[in-house]
Amino acid sequence: MKLNYKISSNGQPIIFLHGLFGNLDNLAILAREFAPYYQTIQIDLRNHGLSPWADDMDYQLMAHDVLALINQLGLKDIILVGHSMGGKVAMQLAKEAENLIAQVIILDIAPVTYYDDSHSKVFKAINAGLAVQAHDKAALNSIMSQYLNEATVQFLLKSYKSNKWLFNFKAIEQHYTDIRSWKEITPYRQPVLFIKGAQSDYIIEGYYSDILMQFPYAKIEGIEGAGHNVHFDKPKQVITLIKNWLT
């Protein structure tokens, strides 16, 4: 699968991988900061943004999609930055293409299966819009606001262009169990930075043992006042942590 991507500048490559229902612009706030010093590559994962749609969707497939792009661009000595679902893709890719990866930074996700259905309201909101065949953003905003807070609605609507969703909602809904899940990997024995939002429950202390079992040289840093979208809530702190880690 040939993924859509945006590439800027020159130097050591940094690949940015977005989360569920997102697109390559979601981590733009980080990409802009590092573009003067690195080659930044922002990617639309399968079934998201302008990348192709497919019926199948799991972390091995998504990692192989990204690896195909890496090989196409001839990249090596890569820094991976992944948020949420994109963080799991980064973890899978680091293990499968270890010889090409120099650094890994994971934003607010752990290598575990999440059993809580944290996106149930999102599915209900989008399905409600589809049921009444709402097409313009104003109508969708009104319908989805009955299920979700304003910030979540606006985040989702960033992926609504020309009266259609840019993500493959049917495939995401069908494979949501695969997206929440995780197949334990053999230990990746290189340093990995995990950045967690202190107000998020995606990396709780109960998951530390899972992280260290699979990533024994991991460092876990928390950011106060940040939720799951830690890079959006506290961008300066995230950028500082990443810069310190890389240097």
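## Helix H5 against helix H6

H5 passes H6 in a right-handed crossing. A crossing is right-handed if the near helix is turned clockwise from the far one by less than a right angle, and left-handed if anticlockwise. H5 covers residues 137-144 and H6 covers residues 150-157. Helices are DSSP runs of H or I with at least four residues, strands are E runs of at least two, and both are numbered from the N terminus. The two axes come within 10 Å and cross at roughly 145°. Axes are lines fitted to C-alpha atoms, for helices over the stretch in contact; angles run from 0 to 180 degrees between N-to-C directions.

From H5, Lys 137, Leu 140, Asn 141 and Met 144 meet residues of H6, including Val 153 and Leu 157. Contact means heavy atoms within 4.5 Å. This contact has 5 nonpolar, 2 polar and 2 charged residues. Ala, Val, Leu, Ile, Met, Phe, Trp, Tyr, Cys and Pro count as nonpolar; Asp, Glu, Lys and Arg count as charged; the others, Gly among them, count as polar.

## About the model

This is a predicted model: local features need pLDDT of at least 70, side-chain atom pairs count only at pLDDT 80 or more, and totals for chains, interfaces and linings use all residues. Residues are numbered from 1 along each chain as its sequence is written, and side-chain values use heavy atoms, leaving out hydrogens and water.

## Helix H4 against helix H5

H4 spans residues 120-131, and its axis comes within 9 Å of that of H5. They cross at roughly 130°. The crossing is right-handed. Ala 125, Ile 126, Ala 128 and Gly 129 in H4 meet Leu 140, Ile 143 and Met 144 in H5. By class, that contact has 6 nonpolar, 1 polar and no charged residues.

## The sheet

Which order do the 7 strands take in the open sheet? The order is E1-E3-E2-E4-E5-E8-E9, with mixed pairing. Two strands pair if DSSP finds at least two bridges between them. E1 and E9 are the edge strands, each pairing on one side only. The twist averages 15° from one strand to the next.

E5 and E8 pair in the parallel sense over 4 bridges. Leu 107 stands opposite Ile 195 in E8. E8 and E9 also run parallel, joined by 6 bridges. Here Ile 195 stands opposite Glu 221 in E9.

## Helices on the sheet

H2 (residues 59-73) lies across E1, E2, E3 and E4, at about 40° to E1. H3 (residues 85-96) packs on the sheet too, touching E2, E4, E5 and E8.
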